[in-house]
Amino acid sequence: MITIDKDIVLIGLQADTKEAAIAKVVKKMAEHGYVEHEYYVAVIEREKDYPTGLPSEGVRTAVPHAFSDTVKKTGVGIARLVSPVIFHNMADKQEELPVELIFVMANAGGEDAHINDLQELMSVFSKKRLLLDLMNAQTTQEFADIFADCDSYTEEE
């Protein structure tokens, strides 16, 4: 189960591009010991070849990540944007998606753990009501609490 650290959740983030948004999240993650600042480069490079935008219902999301030795401990840095930024669709690299919630995933547990966490996040992204509630969270603690309760949401909601 992925646990969200409220200290690496950015609510109301201003960014003009996905690169700027990812940079701000990675900076916050680095400040709290999750990654080294160089993790940003690995994420951006991977994003070029393997985009991470998801056309999730209700709220568009992205899950930029990379396999990198700059990850110190497992965590997910999150940005809830004031205005969407453009990511390319994971399933169709040509399609642009206006993304509002960015989950920068960093996993120190190896490839299997990384894939498990990614699958868990994909399950979260299929729950429209959960994503809408995350968009309405007023504080980083409320955001983390809603995420922690994600199993109480169904995909139909």
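In helix 4 (residues 128–136), the buried residues are Leu-130, Leu-131, Asp-133, Leu-134 and Met-135. Buried means under 20% relative accessible area, exposed means over 50%, and partly exposed lies in between, with a 1.4 Å probe and protein chains only. Helices (H or I, at least four residues) and strands (E, at least two) are DSSP runs, numbered from the N terminus. The model is predicted: local features need pLDDT of at least 70, side-chain atom pairs count only at pLDDT 80 or more, and totals for chains, interfaces and linings use all residues. Residues are numbered from 1 along each chain as its sequence is written, and side-chain values use heavy atoms, with hydrogens and water left out.

The buried residues of helix 4 pack against strand 3, strand 4, strand 5, helix 3 (111–125) and helix 5. Contact here means heavy atoms within 4.5 Å. Asp-133 belongs to helix 4. Leaving out residues up to four places away in sequence, Asp-133 touches Ile-146 and Tyr-153. Asp-133 and Met-1 are 132 residues apart in sequence. In space, their C-alpha atoms are 19 Å apart.

Two strands count as paired if DSSP finds at least two bridges between them. Strand 4 and strand 5 pair in the antiparallel sense over 10 bridges. Arg-80 has Leu-101 of strand 5 as its bridge partner. Strand 3 and strand 5 run parallel and are joined by 2 bridges. There, Ala-62 has Ile-102 of strand 5 as its bridge partner. Strand 5 is largely enclosed by the rest of the structure, because 8 of its 11 residues are buried.

Which residues have the most contacts inside the largest nonpolar core? They are Met-29, Val-35, Tyr-39, Leu-81, Phe-87, Ile-102 and Val-104, in a core of 27 residues. A nonpolar core is a set of buried Ala, Val, Leu, Ile, Met, Phe, Trp, Tyr and Cys residues joined through side-chain atoms within 4.5 Å. Strand 1 (9–13), helix 1 (18–31), helix 2 (39–49), strand 4 (75–88) and strand 5 (96–106) each supply at least two residues of this core. Helix 1 gives the most, with 6 residues. A second, separate core has 26 residues, including Val-124, Phe-125, Leu-130 and Met-135. Beyond its neighbours within four places in sequence, Val-104 is in contact with Val-25, Val-26, Met-29, Tyr-39, Pro-64, Gly-75, Val-76 and Gly-77.

Two histidines are described next. His-65 lies in the loop between strand 3 (61–62) and strand 4. His-65 is buried, with a relative accessible area of 3%. A polar contact of 3.5 Å joins its side chain to that of Arg-46. A polar contact is a pair of N or O atoms within 3.5 Å; within protein, one must be able to donate a hydrogen and the other to accept it, and residues adjacent in sequence count only if both atoms are side-chain atoms. A polar atom of the His-65 side chain also lies 2.6 Å from the backbone oxygen of Val-63. His-114 is in helix 3. His-114 counts as buried, at 2% relative accessibility. Neighbours within four places in sequence aside, His-114 is in contact with His-65, Ala-66, Phe-67, Met-105 and Asn-107.

The whole structure holds 2 aromatic pairs. Phe-103 and Phe-147 form a tilted pair, 6.4 Å centre to centre and with 40 degrees between the planes. Rings of Phe, Tyr and Trp (its six-membered ring) pair if their centres lie within 6.5 Å; planes under 30 degrees apart count as stacked, over 60 as edge-to-face and the rest as tilted. Phe-103 is in strand 5 and Phe-147 in helix 5, 44 residues apart. Both Phe-103 and Phe-147 are buried. Ring pairs link Phe-103, Phe-125 and Phe-147 into a cluster.
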